[in-house]
Amino acid sequence: MPHRNPGSPRHTAASYLSGRQIRYYRPTGSADVRRLIDEGFQAFNAARLSEACHIFSDKMLLPESDTTIGLTVAGALTPAGLGGCMIELIERGLVDFVISTGANLYHDLHYALNFSLHRGTPFLDDRDLFDKGVIRIYDVLFPADVLLETDSYIRDFLVREDEALSGPLSSADLHYRLGLDLMARFPGCEEHSVVARAAKCGVPIYTSSPGDSSIGMNVAYHELMNGGRTVIDPNRDVNEVCAIILAGKKNGCVILGGGSPKNFYLQGQPTLWEVYGIPKGGNDYFIQFTTDQVVWGGLSGATPSEAVSWGKVNPGVLPDTVVSYCDSTIAFPLFCEYAVGSPTGRRPRKELLHKRADLVADLLRQAREKR
């Protein structure tokens, strides 16, 4: 039996979409939020969130630490409005590169294209939503035309950029060109799009499964229907991420959810020591917000302590690792408010997007020396 009645079948598409528009929330560094976290979050997972805030602001962001910070993003976070938090961290230099599910990047494009997503409820009749042309992501609702028009933009982009995107590319190359195109065609969209802001700020965005999203679906269409030459080469992604990690004085991550993006980041350290023979030593900092549990044995719930056995986390830094068992849509905005309002809430951007070729060349040089 449903938890609640699905509602009247007389609903129209307009009535389903009458909820407030979901907008990207940009943290401002609220002193009240910082006080709440410092003084009110004292035990259990509230204390773990407070600990994460302090590891990030008091250690990872210190100039002398010079930490290269990766943000991994899983779950439907851009549809929920959390892209604004990502934009703020990118603009402030608090995140150096991003690994995301393709879906988060695809749904981010809706904001750049000025389409509307709306607050709703999960307790609806999905058969009626289908009949009315309304898409549901739990309690986020939007018209199916948003998908169709976003797909149309991506396909047109791929045709326009086919020559520039020909040959094997990293996913960071594709997302960079996509961000540039968005800014050229929709001036000012970098205020509302993670993909566009990252391109502007020189922050590379990778996706661990390029074919597992509507962006990848449209790339596949372009190849089949147009003879398109855009090919995402996962080998380039693996080597670029490893090169970025290798070049970092210290390495740290902020993991939202878990999933494939979490592993794609963490596998960088084993790739270095296990495959290339370069003993980097493991991550120096590890922060994760997740609702996944360790007892099920999946990677999403795996602890930083378990990661030590793989060489993913430096065994000497476990006090600088934390898992807060909390929904990312709750924890991440609070975490960002704390970071933005801290004395270390801005630092020079590394602009790693434009340094990848040199970093990969250095990885190759060190790997050959180890042979």
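Visitor: Which word describes how helix 12 and helix 13 lie to each other?
Guide: The axes (lines fitted to C-alpha atoms over the stretch in contact, with angles from 0 to 180 degrees between N-to-C directions) of helix 12, residues 259-266, and helix 13, residues 268-275, come within 4 Å and cross at roughly 40°. Under 35 degrees would be roughly parallel, over 145 roughly antiparallel, and 65 to 115 roughly perpendicular, with the rest called oblique. So for helix 12 and helix 13, the word is oblique.

Visitor: What kind of model are we looking at?
Guide: Residues are numbered from 1 along each chain as its sequence is written, and side-chain values use heavy atoms, without hydrogens or water. Local features need pLDDT of at least 70 and side-chain atom pairs need 80 or more, while totals for chains, interfaces and linings use all residues, since what you see here is a predicted model.

Visitor: Back to those helices: which residues of helix 13 make the contact with helix 12?
Guide: Contact here means heavy atoms within 4.5 Å. From helix 12 come Phe264, Tyr265 and Leu266. Across from them, helix 13 brings in Gly268, Gln269 and Pro270.

Visitor: Which strands stand at the edges of the sheet?
Guide: Picture six strands in an open sheet, ordered 7-2-1-9-10-11, with parallel pairing; strands (E, at least two residues) and helices (H or I, at least four) are DSSP runs numbered from the N terminus. Two strands pair if DSSP finds at least two bridges between them. An edge strand has a single partner, so one of its sides is left without a neighbour in the sheet; that goes for strand 7 (205-207) and strand 11 (321-325).

Visitor: And what angle does helix 12 make with strand 9?
Guide: Helix 12 packs on this sheet, where it touches strand 1, strand 2, strand 9 (250-256) and strand 10. Compare its direction with that of strand 9, and you get about 175°.

Visitor: Which residue of strand 2 is the bridge partner of Leu71?
Guide: Strand 1, residues 67-73, and strand 2, residues 97-100, pair in the parallel sense over four bridges. Gly70 is bridged to Phe97. For Leu71, the partner is Val98.

Visitor: Which residue of strand 2 points the way Val98 does?
Guide: In a regular strand the side chains alternate between the two faces of the sheet. In strand 2, Phe97 and Ile99 point one way, and all four residues are buried.

Visitor: Is Ser328 buried or exposed?
Guide: Ser328 sits in helix 15. Leaving out residues up to four places away in sequence, Ser328 touches Leu77, Leu82, Leu256, Gly257, Phe289 and Pro333. Buried means under 20% relative accessible area, exposed over 50%, and partly exposed in between (1.4 Å probe, protein chains only). With a value of 8%, Ser328 is buried.

Visitor: How far apart in space are Thr291 and Val313?
Guide: Along the sequence, 22 residues separate Thr291 and Val313. In space, going C-alpha to C-alpha, the distance between Thr291 and Val313 is 21 Å.
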